[in-house]
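Take a look at the chain shown here.

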Amino acid sequence: MSAKDIFHIAVCSALKKDGWTITHDPLSVKVDEIEFYVDLGAERILAAQKAGQKIAVEIKSFIGASEISDFYVALGQTLTYRSALRKKHPERILYLAISEDVYQDFFIRPFIQEIIAEHRLKLLIFEPIKEEVLLWKE
């Protein structure tokens with residue numbers, strides 16, 4: 001199992017504030033003897049909006065030496081996890097969680113937006129100090 005991201009606690013808190021219940025920390029997915037660990041599994045049980053919806057969240061901090069290298073890892077993991085979830089937990093929608101700073105500094109660039117659209121990535125943008133969800137990008 002991999003180490004937790006530095007924003008793990010902030011994202012857990014942000015999701016709870018947004019009405020989600022953390023159901024798995026991490027969410028284990030096993031496909032063909034390969035074990036994957038998505039950072040979080042969550043579910044909305046009581047809220048009227050999105051009630052019953054189940055999600056999985058992969059958290060990335062982008063604190064490496066290169067944003068593009070971090071993006072390669074995040075994209076590869078997200079696509080792999082999404083395929084694994086489709087086989088074992090098709091009810092869950094996978095989101096890539098990134099901080100507002102990373103979103104504003106890197107993810108809004110046109111080429112990165114094209115890649116996100118091409119691969120239909122879903123993003124959860126959060127504010128790490130206030131531990132709040134700012135935006136769900138579908």
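## Naming the parts

Helices and strands here are DSSP runs, numbered from the N terminus. A helix has at least four residues, and a strand at least two. The model is a predicted one.

Six of them form an open sheet, in the order 1-4-5-6-7-8. The pairing in this sheet is mixed. Strand 1 and strand 8 are the edge strands, and each pairs on one side only. From one strand to the next, the twist averages 35 degrees. What holds paired strands together in general? Strands of a sheet pair through backbone hydrogen bonds, either parallel or antiparallel.

Strand 1 and strand 4 run antiparallel, joined by three bridges. Here isoleucine 22 stands opposite alanine 42 of strand 4. Leucine 124 stands opposite tryptophan 136 in strand 8. Strand 7 and strand 8 form a hairpin, with four residues between them. In the turn, glutamate 131 has a positive phi of about 55 degrees.

## Helix 1

Is helix 1 enclosed or open? Seven of its 10 residues are buried, so helix 1 is largely enclosed by the rest of the structure. The buried ones are His8, Ala10, Val11, Cys12, Ser13, Ala14 and Leu15. What covers them includes strand 1, strand 4, strand 5, strand 6, strand 7 and strand 8. After helix 1 comes glycine 19, with a positive phi near 95 degrees.

In soluble globular proteins, nonpolar side chains tend to be buried together. The largest nonpolar core in this model has 17 residues. Val11, Leu15, Ile55, Val57, Leu124 and Trp136 have the most contacts inside it. Several elements give two or more residues to this core: helix 1, strand 4, strand 5, strand 6, strand 7 and strand 8. Helix 1 gives the most, with four residues. A second, separate core has 16 residues, including Ile98, Val102, Phe106 and Leu121.

Two residues show how such packing looks up close. Leaving out residues up to four places away in sequence, valine 57 touches Val11, Leu15, Val38, Asp39, Leu40, Leu94, Tyr95, Ala97 and Leu124. Leucine 94 is found in strand 6. Is leucine 94 buried or exposed? Buried means under 20% relative accessible area. Leucine 94 has a relative accessible area of 7%, so it is buried. Not counting residues up to four places away in sequence, its contacts include Val38, Ala56, Val57, Glu58 and Tyr81. Glycine 76 lies 18 residues from leucine 94 along the chain, and their C-alpha atoms are separated by 13 Å.

## Helix 3 against helix 4

Next, a pair of helices. Helix 3 covers residues 100-107, and helix 4 covers residues 110-118. They pack at an angle of about 110 degrees, with their axes 8 Å apart. Angles of 65 to 115 degrees count as roughly perpendicular. Helix 3 and helix 4 are therefore roughly perpendicular to each other. Tyr103, Phe106 and Phe107 of helix 3 make the contact with Ile112, Gln113 and Ile116 of helix 4. Among the contact residues, five are nonpolar, one is polar and none is charged.

A cis peptide bond joins aspartate 25 and proline 26, with omega about 5 degrees.

Glutamate 33 has a phi near 65 degrees. It lies in the loop between strand 2 and strand 3. With a relative accessible area of 68%, glutamate 33 is exposed. Arginine 120 has a phi near 50 degrees. Its place is the loop between helix 4 and strand 7. Arginine 120 also counts as exposed, at 64% relative accessibility.

Note on methods
Residues are numbered from 1 along each chain as its sequence is written. This is a predicted model: local features need pLDDT of at least 70, side-chain atom pairs count only at pLDDT 80 or more; totals for chains, interfaces and linings use all residues. Side-chain values use heavy atoms; hydrogens and water are left out. Axes are lines fitted to C-alpha atoms, for helices over the stretch in contact, and angles run from 0 to 180 degrees between N-to-C directions. Angles under 35 degrees count as roughly parallel, over 145 as roughly antiparallel, 65 to 115 as roughly perpendicular and the rest as oblique. Contact means heavy atoms within 4.5 Å. Ala, Val, Leu, Ile, Met, Phe, Trp, Tyr, Cys and Pro count as nonpolar, Asp, Glu, Lys and Arg as charged, and the others, Gly among them, as polar. A nonpolar core is a set of buried Ala, Val, Leu, Ile, Met, Phe, Trp, Tyr and Cys residues joined through side-chain atoms within 4.5 Å. Buried means under 20% relative accessible area, exposed over 50%, partly exposed in between (1.4 Å probe, protein chains only). Two strands pair if DSSP finds at least two bridges between them.
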